[in-house]
Amino acid sequence: MLRRGAKRSGIHPIFLHELSSKYVKQISMCGSLPQLDRLHEKMVRGYCLLVQNKARSQYSRLVRDTMNYIDLNLSHPLTLRILAENSHVSPSYLSKSFKRETGTTITDHIASCRIHSSLHLLNTTNLPIQEIAFYVGIEDYNYYTKIFKKVIGCPPSEYRKNLKNKKQNEQV
């Protein structure tokens, strides 16, 4: 039911599959009803977050498809020309439509998506920051740091340091 509800919100099938697959594995590892109850609560929160972050039913098909393409190709070059060719429209038409519907430029949207994707890697891996920047499609470390600071409010090195301090304080 949770998956169907999320699907009705316009979530791309790939994102639904990723989340559903994760929960299928967790369900199979549950050994008691209390564990299943806790997992159910986690699943509700997970699907709600997915809908909150990826629902795009309020946008036109053009903008929705462009956003999905960006999400699924963050590590690849993403230019207005590439996105417009993918959608079979002119770059100026795509740019104007995207800005009108989302209130942001495609360039700013791509940068924000890349930074938020890098947050996951900063939180869950020990990869060097320069590698994370490359992984999310930003080859210039200085540019990555500049955009990260603009979007998050601090440089990635400080973010990671604060994250480690927080984890150490929680263990004490």
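Colleague: How many salt bridges does the count come to here?

Modeller: The general idea is to look for a side-chain nitrogen of Lys or Arg within 4 Å of a carboxyl oxygen of Asp or Glu. In this predicted model, the count by that rule comes to two. R61 bridges to D65, with the closest N and O atoms 3.5 Å apart. The side chains of E85 and R81 make a salt bridge too, at 3.0 Å from N to O.

Colleague: Where do R61 and D65 lie?

Modeller: Both sit in helix α4, residues 61-72, and they are four residues apart, about one turn of the helix. R61 is exposed, at 56% relative accessible area, while D65 is partly exposed, at 34%.

Colleague: And why are E85 and R81 separated by about one helical turn?

Modeller: Because they are four residues apart in helix α5. As for cover, E85 counts as partly exposed, with 48% relative accessibility.

Colleague: Let's move to rings. How many aromatic pairs does the structure hold?

Modeller: Three. Y23 and Y47 are a tilted pair, 5.8 Å centre to centre with 40° between the planes. This pair links distant parts of the chain: Y23 is in helix α2 (residues 13-29) and Y47 in helix α3 (residues 33-54), 24 residues apart.

Colleague: Is Y23 buried or exposed, and what about Y47?

Modeller: Y23 is buried, with a relative accessible area of 3%, and Y47 is buried with 6%. Another tilted pair is Y144 with F148, 5.8 Å between centres and 55° between planes. These two are four residues apart in helix α9 (residues 141-152), so about one helical turn separates them. Y144 has a relative accessible area of 0% and is buried; F148 is likewise buried at 0%.

Colleague: Which residues do ring pairs link into a cluster?

Modeller: Y144, F148 and Y159.

Colleague: How should I read a nonpolar core?

Modeller: In soluble globular proteins, nonpolar side chains tend to be buried together. Here the largest core has 16 residues, and those touching the most other members are I115, L122, I132, Y144, F148 and Y159. Helices α7 (106-124), α8 (129-135), α9 and α10 (156-171) each supply at least two residues of this core. The largest share, five residues, comes from α7.

Colleague: What does I132 touch, not counting residues up to four places away in sequence?

Modeller: S118, L121, L122, T125, L127, Y144 and R160. There is also a second, separate core of 14 residues, with M67, L74, F98 and I110 among them.

Colleague: Which residues form a nonpolar patch on the surface?

Modeller: I27, L33 and L36, with about 280 Å² of accessible area together. Take L36 as one to look up: this residue is in helix α3 and counts as partly exposed, at 35% relative accessibility.

Technical notes:
Residues numbered from 1 in each chain as written. Predicted model: local features only at pLDDT ≥ 70, side-chain atom pairs only at ≥ 80, totals over all residues. Heavy atoms only, no water. Phe/Tyr/Trp six-rings, centres within 6.5 Å; stacked < 30°, edge-to-face > 60°. Buried < 20%, exposed > 50% of the residue type's maximum accessible area, 1.4 Å probe, protein only. Core = buried A, V, L, I, M, F, W, Y, C linked by side-chain atoms within 4.5 Å. Contact = heavy atoms within 4.5 Å. Patch = residues over 30% accessible without salt bridge, like charges linked within 9 Å, V, L, I, M, F, W, Y side chains within 5 Å. Areas by Shrake-Rupley, 256 points an atom, 1.4 Å probe, with all protein chains shown as cover.
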